[in-house]
Amino acid sequence: MLKHWIWLTTRPGIGVHGRVALLRMFGTAEHIYELKERDYLETESFDRRWLEGLLDKSLAEAEKILSVCDDKGISLLTYADRAYPVRLRNIPDPPALLYYRGMLPDFDNEAAIGIVGSRRCSAYGLLQAKQFGKLIAASGGIVISGGARGIDSMALRGALDSENPVVCVLGCGADVVYPPENRELFRQITSRGCILSEYQPGTRPNPGNFPVRNRIISGLSLGILVVEAPEKSGALITANLALEQGRDVFAIPGNLGVKSCEGSNRLIRDGAIVVENGWDVLREYEQMFPGKLSDGRSREAMERSFMARFGRPAPVYTPVVVEEAVDKKVIDNPENRNYSDVKETKPALTGDEAAVYEALTPEAVLADELVVKTGLPAQRVAAALTMLQIRKLAVKEAGNRCRALGK
């Protein structure tokens, strides 16, 4: 029963490795619960330090946690469940119990890619995270990340532009919104995929939880993409865990001499697979998932992939990159045109970017005013402004003010 699994994961003095060892000795949480002191002590490799916690058979705490899960719409997945991903079960230290909100994808039959990077990243890193997340999802992959500020959140936002599931693994309870500005992002993820955690509801985001959490991101994934990471970061911890678990590690080249890129550049020197776009990542697994993966830069390929996955025609959308045939003669012999005949074109904007750009004026306005005008959370406005600055459609002024360019 679920309460026995909760009981097992709340035993003091028994960590992740201890729980895995017990499950491999005795099979299930129910069996572990039913054993007596003598049964434990007579088992080879049993650690006596676990004994005190296991002899406390009270289920009161477990029943309380289960009630909270029911109230908050949190589902539970145990190590013994058939739906538990084989990929995750095969790592050295799989979680005995997962709490989740939303819909759990069939990870073992999907090309799941973990995207990680620094919280303190550059505008270049944010742009790449969003573009890679968007193209991986549009090409048929499932994006998994940690939901932190910076690279994680931007990769998840990019992936949400597709209809494929999106997965966020937290270092706190599945009911805890951290960082707080990601409330709307997490809501969108639970409607299209799921929020996962091995921590019971209400668990605060303690710093020590996040390195432990990283093994789940890599364990659920076929490969890990490091977008931008300094020499000492959680992203590099995840990359190292991925290597230990036999996963592929991909990296995006970063600017030389920039501290936030030193770790990801070192990964490349050490043999990580260099990629230039999201399809470079997914094409490594194209033969493993016939019909499910197609280059998301091509409308026809996306439509075939969508029909194979969902059994219905794709909705109206714009491919991530529109590739058009170019006549070489047009390049060699361009038509002479008056300057006044040339119409300026603006790059296509996402929903948030379009809303923020519409709210901007040629005169500088406070970022807080944009939050009020657009009705968007401050974090989403800030992310959209970053993209608009990269596209040279906005410029930041002193005093947290911005103004539009091209209006």
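A salt bridge here is a side-chain nitrogen of Lys or Arg within 4 Å of a carboxyl oxygen of Asp or Glu. By that rule, Asp 93, Glu 198 and Arg 215 are linked in a network of salt bridges. The model is predicted: local features need pLDDT of at least 70, side-chain atom pairs count only at pLDDT 80 or more, and totals for chains, interfaces and linings use all residues. Residues are numbered from 1 along each chain as its sequence is written, and side-chain values use heavy atoms, with hydrogens and water left out.

**Salt bridges**
- The whole structure holds 16 salt bridges.
- Glu 110 pairs with Lys 292, with the closest N and O atoms 3.4 Å apart. This pair links distant parts of the chain, 182 residues apart.
- Glu 110 is buried at 10% relative accessibility (buried is under 20% relative accessible area, exposed over 50%, partly exposed in between; 1.4 Å probe, protein chains only). Lys 292 is partly exposed at 23%.
- Arg 149 and Glu 181 form a salt bridge, their closest N and O atoms 2.5 Å apart. Both sit in loops, so the pair ties together parts 32 residues apart in sequence.
- Asp 280 bridges to Arg 283 at 3.0 Å between the closest N and O atoms. Asp 280 is buried at 16%, while Arg 283 is partly exposed at 43%.

**Helix α12**
- Helix α12 spans residues 234-244 (helices are DSSP runs of H or I, at least four residues; strands are runs of E, at least two; both are numbered from the N terminus).
- Its buried residues are Ala 235, Leu 236, Thr 238, Ala 239, Leu 241 and Ala 242.
- Elements covering them include β3, α11 and β8.
- Just after α12, Gly 246 takes a positive phi of about 80°.

Notes:
Contact = heavy atoms within 4.5 Å.
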